[in-house]
Amino acid sequence: MKKILLTAIIAIFAASAFAQESSSSVVRRRTADDRKGSQNAGGVTQRMQSFYENEPMSDSELQWMRVIYRQLDLTKDANGALYFPDEPIDGQDNLFRIIMKRLAANELGAYEYLDGREVFSDNYRVKVRDVLDRFSIPYTDAKGSSEKNPKFIIEEVDVPSSEVLTYYIIERWEFDKRSNRMRTRIDAVCPVLHRSGDFGGEPIKYPMFWVKYDELRPFLSTQNIFTDDDNNLATCTYDDYFQLGLYDGEIYKTRNLKNKSLMQIHQDPDELAHAQDSIQRRLDSFENKLWVPSLEELAARRDAAEKAELAAAEAEAGAESSEAVTSDESSEKSVRSTRSTRSKRGQATKSSTTKKAKPAKVKKPKSVKSSSTATRSVRNRRR
């Protein structure tokens with residue numbers, strides 16, 4: 001009996017030791033080397049990257065979707081946060097320097113720019129060395145660089161951030177049936193280089209490459225920027241800037257069957273501007289058209305419509321009254337002018353008749369003296 005109990009106790013201790021050994025092999029404390037390896041040079045861990053990666057949504061979960069291409073002009077005040085600072089200041093970089101640093105460290109993938117045909121697959125992934133050679137950006141191979149994991153060193157003065165004056169972005173406007181809401185996602189970003197030729201002249205635009213925004217987003221979330229001249233405190237990040245839609249972008253294309261840009265479809269500048277405004281209005285009002293308004297909203301709309309009609313009627317009545325007053329004033333002025341003309345004519349006629357009716361001066365006869373010649377003649381005749 002004792003031997004049986006001893007054997008059972010030994011078996012229990014052996015099982016517990018085996019369980020501890022197996023659990024220690026599965027769960028172990030992360031060392032400093034592990035933490036260092038999981039964190040890249042930009043301060044972004046693998047956990048952060050997985051947090052910012054968006055799961056692709058299938059078409060069955062979407063009810064509506066439209067792809068918009070925008071052009072961000074960095075000379076506009078709203079887009080100045082993407083360009084400044086031109087040179088690194090206190091560890092703050094602009095958007096293009098962030099992209100180039102991540103590309104040089106092989107932490108970000110670049111895809112070939114195809115005019116109107118964007119394919120983000122490994123077949124269209126470009127080599128960073130080819131990009132640097134194509135745009136004449138000096139570089140050196142970094143320590144530990146290999147053919148499978150190429151890394152480069154680019155000096156700060158050699159980064160042509162001052163020549164990147166435009167960005168192309170791809171927006172995806174989606175209506176999700178799961179959450180019943182409208183959302184805007186950015187698919188990709190393309191820096192555009194403005195470079196003049198050997199003989200000067202107008203700069204030519206060179207789209208460099210596409211970068212997937214989901215891969216770039218973790219690095220943008222660690223860079224604080226300020227977007228207002230009145231507040232120099234860095235209150236948001238680059239990711240906040242894009243997610244909140246603080247940029248001012250002009251629509252230059254929408255995904256269509258013919259794969260044409262708006263400029264190719266609308267060659268007249270006025271028609272192009274009208275088409276861009278029409279597309280933006282439809283995007284802004286799409287979500288509001290999906291829902292049935294409540295009674296309060298209907299009443300508010302009715303009141304607003306009545307106020308608008310009343311204001312229009314008052315404006316029309318005011319315009320008519322002003323026209324009537326203007327016509328009365330003009331008629332009164334014409335009557336006054338006619339009266340003044342008639343009075344002037346009457347005065348002229350009176351003056352002329354007065355001058356004509358004035359009798360001529362009659363010469364008074366000279367006084368006759370007492371000794372007149374007639375008396376003399378009588379006297380002489382008596383004699």
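As for disulfides (pairs of cysteine sulfur atoms within 2.5 Å), the count is zero. The model is a predicted one, in which local features need pLDDT of at least 70 and side-chain atom pairs count only at pLDDT 80 or more, while totals for chains, interfaces and linings use all residues. Residues are numbered from 1 along each chain as its sequence is written, and side-chain values use heavy atoms, leaving out hydrogens and water.

Zooming out, the protein chain has 11 helices and 10 strands, taken as DSSP runs (H or I, at least four residues, for helices; E, at least two, for strands) and numbered from the N terminus. Of its 383 residues, 28% are buried. The accessible surface of the chain, from the Shrake-Rupley method with a 1.4 Å probe, is about 27,500 Å², and carbon and sulfur atoms hold 52% of it.

Then there is the nonpolar core, meaning a set of buried Ala, Val, Leu, Ile, Met, Phe, Trp, Tyr and Cys residues joined through side-chain atoms within 4.5 Å. The largest one has 42 residues, and those touching the most other members are Leu82, Leu95, Met100, Tyr167, Phe209 and Phe242. Elements giving two or more residues to this core are α4 (95-104), α5 (128-134), β4 (164-176), β5 (181-197), α6 (213-220) and α7 (238-243). The largest share, seven residues, comes from α4.

That helix is largely enclosed by the rest of the structure, because nine of its 10 residues are buried; among them are Leu95, Phe96, Ile99 and even Arg97 and Arg102. Leaving aside residues up to four places away in sequence, Met100 touches Leu132, Ile137, Ile154, Val159 and Phe209. After α4 comes Asn106, with a positive phi near 60°. Helix α6 is mostly covered as well, with seven of its eight residues buried, including Tyr213, Asp214, Arg217 and Phe219.

A polar atom of the Asn232 side chain lies 3.5 Å from the backbone oxygen of Asp229.

Technical notes. Buried means under 20% relative accessible area, exposed over 50%, partly exposed in between (1.4 Å probe, protein chains only). Contact means heavy atoms within 4.5 Å. A polar contact is a pair of N or O atoms within 3.5 Å; within protein, one must be able to donate a hydrogen and the other to accept it, and residues adjacent in sequence count only if both atoms are side-chain atoms.
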